[in-house]
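Here are some friendly notes to read alongside the coordinates.

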Amino acid sequence: MWVAQIPKPRVPLASLHRLLFAYFPDYPANAPRPFLFRIEHDSLILGSTLKPSCAAKHVQPQAGMTYQFDAIVKPMNGGGRNPIDGNARRRDWVVRNLRGAQIGYCEVYDLPDLRTRKSDGRCIVVPVCRVVGALTVTDADEFIRFLRRGGPGTAKAYGCGMWVLPELMEVRVGRHHPFERRAGR
């Protein structure tokens, strides 16, 4: 998996993925998206099966190694039709759907719903939460497939789905995610 941290562009959230395709100039226009991304305050973390046309690091998790993780996910069952409520149930859902690794510690944090407008004016609402913890890789090949797929859940757009392993990927993850509400805001 290739990982890059790039400046956050000033484009609407619903258009961000179209801009990110520019980092894959030889990729067929109508093919499925070859990347995931994570929104940070001043940057984007881009993960892909293909090397983007910018500075990027090739990441290969190792079996037996423990890594911290941080992900924004949409906890749903039934193809995205049945939301999972409650942080204990969400934690169980993450543990149950992880592939190629075993979670040693996991916390789940509520985030406000992600809201954006499509170019046709339609409002999109995506319920999301943040999962943070530590995992130990048990099968490196299966775990890399899990990372490339964007983890569990149905949201693989709008900055959701990418599992960040900060010490392996050597990226900066902010203390607060842009979707989080903080005191005094």
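1. A residue counts as buried under 20% relative accessible area, as exposed over 50%, and as partly exposed in between. Cys123 has 41% relative accessibility, so this residue is partly exposed. Cys54, at 19%, falls under the 20% cut-off and therefore counts as buried. Please keep in mind that this is a predicted model.

2. How many disulfides are there? The count is zero, where a disulfide would need a pair of cysteine sulfur atoms within 2.5 Å.

3. On the overall layout, the chain has four helices and twelve strands. Of its 185 residues, 45% count as buried. The chain exposes about 9600 Å², and carbon and sulfur atoms supply 48% of that area.

4. The largest nonpolar core holds 33 residues, and the members that touch the most others are Leu135, Phe143 and Trp163. Two or more residues each come from the strands β5 (66-73), β8 (101-110), β11 (129-137) and β12 (163-164), and likewise from the helices α2 (87-97), α3 (140-149) and α4 (166-169). Which element gives the largest share? That is α3, with five residues.

5. One last point, on sequence separation: of the contacts in the chain with a separation of 6 or more, 70% are between residues 24 or more positions apart.

Key: Residues are numbered from 1 along each chain as its sequence is written. This is a predicted model: local features need pLDDT of at least 70, side-chain atom pairs count only at pLDDT 80 or more; totals for chains, interfaces and linings use all residues. Side-chain values use heavy atoms; hydrogens and water are left out. A nonpolar core is a set of buried Ala, Val, Leu, Ile, Met, Phe, Trp, Tyr and Cys residues joined through side-chain atoms within 4.5 Å. Buried means under 20% relative accessible area, exposed over 50%, partly exposed in between (1.4 Å probe, protein chains only). Contact means heavy atoms within 4.5 Å. Accessible areas come from the Shrake-Rupley method with a 1.4 Å probe; for residues, only the protein chains shown count as cover.
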